[in-house]
Amino acid sequence: MKTTIVSDNLIMLTRRNLVLPNAYLVREDDGFTLIDTTTRGAAAKLTDAASRAGAKIRRVALTHGHGDHVGSLDALKQRLGEDIEVLMPELDARIHAGEKVVEGKLAGSWPKVATRPDVALQDGDRVGSLEVIACPGHSPGHVAFLDTRDRSLIAGDVFTSIGSVQVTNHFYLRFPLAQMATWDKAKDLESAQALTRLTPTLLAVGHGPAVPHPVPAMEASLRSAVPVS
Ligand SMILES: [Zn+2]
């Protein structure tokens, strides 16, 4: 697993296969918040990366419930036990609990996850230094995390940055999977607009590299996103 120091408080963890999503370590006074867990088989690599960066993982916060983001959650819970807190967006947690929370078909993969979150995240919640921003559309409960210290934004799968910044509501040749996994394309675009209005200083996404000073690229991505009626 490749470790990239993005800023003083943010470390990006990348799998060798670049189609697999990033995870992030956010530095807090008591250790790290891990954002997302990538696919299965990454638990040891994630805890090793945290040790190498000099602290323990204290909590695991998820941007959404898709399989490529929650894949190593159960294994991490097994390794770290009661020492970690697990936080998942409320609607996605209810989907994982077997509840039908939306009409129609869900997009993306929703594999069985045994771990029940300790906290169901809502818009406006705080996770250490991070503010939870509801941005539904890619999944029903999708959230982003805004670091209140420096306005870095961890935006999960609302945007991708493979090649260029793109909203996941429309087909993009470099990474078509993101659009295929998006549940409500109109809501996803609204969320992308709302996240752009936050004027983040850095954009960190599930798929693709971190983008410093991202607002012009985010605005361009809104213009090229296909409006959904
Ligand atoms: Zn996803």
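Guide: Two strands are said to pair if DSSP finds at least two bridges between them. Helices (H or I, at least four residues) and strands (E, at least two) are themselves DSSP runs, numbered from the N terminus. Residues are numbered from 1 along each chain as its sequence is written. The model is predicted, and local features need pLDDT of at least 70, side-chain atom pairs count only at pLDDT 80 or more, and totals for chains, interfaces and linings use all residues.

The part in question is strand E3, residues 23-28. On one side, strand E2 (residues 10-14) is joined to E3 by four bridges, and the two run antiparallel. Within this pairing, tyrosine 24 of E3 is the bridge partner of methionine 12. E3 is also joined to E4 by five bridges, again in an antiparallel arrangement. Glycine 31 in E4 stands opposite glutamate 28, and a hairpin through two residues connects E3 to E4.

A residue is buried if 20 or more other C-beta atoms lie within 10 Å of its own, exposed if 12 or fewer, and partly exposed in between, with C-beta atoms placed from the backbone. Five of the six residues of E3 are buried, so the strand is largely enclosed by the rest of the structure.

Two residues are in contact if their C-beta atoms, placed from the backbone, lie within 7 Å. Leaving aside neighbours within four places in sequence, the contacts of tyrosine 24 include Leu10, Leu13, Ile35, Asp36, Ile154 and Ala204. A nonpolar core is a set of buried Ala, Val, Leu, Ile, Met, Phe, Trp, Tyr and Cys residues joined through C-beta atoms within 7 Å. The largest such core has 54 residues, and Tyr24, Ala144 and Ala155 are those with the most contacts inside it.

Asp36, one of the contacts of tyrosine 24, lies in the loop between strand E4 (31-35) and helix H1 (43-52). Most residues other than glycine have a negative phi. Aspartate 36, although not a glycine, has a positive phi of about 65°. Aspartate 36 counts as buried because it has 27 C-beta neighbours inside 10 Å.

Buried residues make up 48% of its 229 residues. Of the contacts with a separation of 6 or more, 63% are between residues 24 or more positions apart. The C-alpha trace spans about 45 × 40 × 35 Å along its principal axes.
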